[in-house]
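Please keep the sequence and the coordinates at hand while reading.

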Amino acid sequence: MDSDTEESLRKRQKRNPFPGDSSRKHLELTPMRQYQVMGEVNFLQEEDIRLETTRARFANALKRHAELAERFSRDSDKMIFERLQKEFEAARASQTQELYLDGEEWNDGLLATIRERVHMEADRKQMQGDSNMVPDHHEEKSTYRAGNKVICCLEGARIGIQYETSFAGDPCELYHCVLESKSFLEKMTVLEHTIPFFLPIREAENDLLSSNAMRFIDYVGELLQAYVDRREQVRLIKELYGNQIGELYHSLPYHMIEFTLDDFDCKVTVGLRYADLVSVLPTRVKVFAWPMNQFKKNGALGTHPGPVRLSYAEDALRTMSLPEAYAEIVLNLPQAIQQMSVETSPS
């Protein structure tokens, strides 16, 4: 009887090496659940790594493009700029008066007078070259200033326009555009200029110069000032808030701008689009925020919180300069984050 009992116990132990341990099945399933959770986390981490790699490659491509663009235009543009700058300085040094034009004083009639004057001067010098005529030293030479433009009469029947850009009251770059025509009755063309190659001066020449030369001159001035304004706004936020900005991308004319804010309890992405190249304030604005703390808490369970659109930030960017809007966004961001936490927290 005892031997039968012992044999029965031995068989039972072979079938179940851990008798009485009802938690074995639970112990076998728990590692599997941990593996599933870790797999989800690893998948999210791999997605983040791929995204960061793509961003790094895109940033490198933009950097190389900017370097190539600079190398392509740097030397030739510098030589043209120095030559034209000397020519403008000589023309202004030889002037007898500089006339300041206010409002309607700068008009098509005045431009026609300037055109006629440069052609008469060119004809007179040609006649002097063909004869022994004594030059007239009492001839009046005028330079005209209209807003940020200085209009000079240059040698060879050319009209030169120097554009003086500024930002926040401080002077920035000078740009030049030289116009010429074969005769007073023929249309003017752009002979040379120092305007950045990515601004559409040739398109403006085709659309405006032959039909409305004054509008062309004004438009180029607006184009240059708006470009400098957008560029300097971006430079200023990098200078003031560079430690808070994670990534910043922009097109060469600064009419498309994107950046992120990473130095907060959430990640904020900002996208700006400008209606045209003479706009200083963006017309299409998108600002999204991700509550990163909530993601860290819930990410392992696979519940990624969706982005929240920050309407107050979009309104600020549409109505203020970029540095002012940035300060407004940062000032109200803690309250917005708190509101996001309330809305995304489980009920």
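Is phenylalanine 198 buried, partly exposed or exposed? In this predicted model, phenylalanine 198 counts as partly exposed because its relative accessibility is 22%, and buried would require a value under 20%. Phenylalanine 197 likewise counts as partly exposed, with a relative accessibility of 46%.

**Aromatic side chains**

The count of aromatic pairs comes to five. One of them joins phenylalanine 197 and phenylalanine 198 in an edge-to-face arrangement, with 5.3 Å from centre to centre and 75° between the planes. Phe197 and Phe198 also belong to one aromatic cluster together with Tyr227 and Tyr254.

**The chain as a whole**

The secondary structure of the chain comprises eight helices and 11 strands. Of its 347 residues, 34% count as buried, and the accessible surface comes to about 21,500 Å², with 54% of that area belonging to carbon and sulfur atoms. When contacts between residues at least 6 apart in sequence are considered, 53% of them join residues at least 24 apart.

**The antiparallel sheet**

Five strands make up an open sheet in the order β7-β8-β9-β10-β11, and the pairing is antiparallel. The edges are taken by β7 and β11 (308–309), each of which has a single partner strand, so one side of each is left without a neighbour in the sheet.

Within this sheet, strand β7 (residues 245–250) is joined to strand β8 (residues 256–261) by four bridges, and leucine 248 has phenylalanine 259 in β8 as its bridge partner. The two strands form a hairpin with five residues between them, and in that turn tyrosine 254 has a positive phi of about 60°. Tyr254 is also a member of the aromatic cluster that includes Phe197 and Phe198. On to the next strand, β8 pairs with β9 (residues 267–273) in the antiparallel sense over six bridges, where isoleucine 257 has leucine 272 in β9 as its bridge partner.

Strand β2 (residues 142–146) is mostly covered, since five of its five residues are buried. In a regular strand the side chains alternate between the two faces of the sheet. For β2, Ser142, Tyr144 and Ala146 lie on one side while Thr143 and Arg145 lie on the other, and these residues are all buried, which leaves both faces covered.

The pairings of β2 run in two senses: strand β1 (residues 97–100) is joined to β2 by four bridges and runs parallel to it, whereas strand β3 (residues 149–154) pairs with β2 in the antiparallel sense over three bridges. The hairpin formed by β2 and β3 has two residues between the strands, and glycine 147 in the turn has a positive phi of about 65°. Leucine 99 stands opposite tyrosine 144 in β2, and arginine 145 has valine 150 in β3 as its bridge partner.

**Helix α5**

Both arginine 231 and leucine 224 are placed in helix α5, which spans residues 213–241. What makes arginine 231 count as buried? Arginine 231 counts as buried because its relative accessibility is 13%. Its side chain makes a polar contact of 2.9 Å with the side chain of glutamate 173, and, apart from residues up to four places away in sequence, arginine 231 touches Glu173, Tyr175 and Tyr254.

Leucine 224 is buried with a relative accessible area of 1%. Leaving aside neighbours within four places in sequence, leucine 224 is in contact with Tyr163, Thr165, Tyr175, Ile195, Pro196 and Leu199. Tyr163 is 61 residues away along the chain from leucine 224, yet their C-alpha atoms are separated by 8.0 Å.

**Cysteines and a table of accessibilities**

How many disulfides does a search of the whole structure find? The search finds zero disulfides. Cysteine 153 is in no disulfide, and the nearest cysteine sulfur, that of cysteine 152, is 7.6 Å away.

The table collects relative accessibilities.

| Residue | Relative accessibility | Class |
|---|---|---|
| Cysteine 153 | 26% | partly exposed |
| Cysteine 177 | 0% | buried |
| Leucine 224 | 1% | buried |
| Arginine 231 | 13% | buried |
| Phenylalanine 197 | 46% | partly exposed |
| Phenylalanine 198 | 22% | partly exposed |

Conventions: Residues are numbered from 1 along each chain as its sequence is written. This is a predicted model: local features need pLDDT of at least 70, side-chain atom pairs count only at pLDDT 80 or more; totals for chains, interfaces and linings use all residues. Side-chain values use heavy atoms; hydrogens and water are left out. Buried means under 20% relative accessible area, exposed over 50%, partly exposed in between (1.4 Å probe, protein chains only). A polar contact is a pair of N or O atoms within 3.5 Å; within protein, one must be able to donate a hydrogen and the other to accept it, and residues adjacent in sequence count only if both atoms are side-chain atoms. Contact means heavy atoms within 4.5 Å. A disulfide is a pair of cysteine sulfur atoms within 2.5 Å. Accessible areas come from the Shrake-Rupley method with a 1.4 Å probe; for residues, only the protein chains shown count as cover. Two strands pair if DSSP finds at least two bridges between them. Rings of Phe, Tyr and Trp (its six-membered ring) pair if their centres lie within 6.5 Å; planes under 30 degrees apart count as stacked, over 60 as edge-to-face and the rest as tilted.
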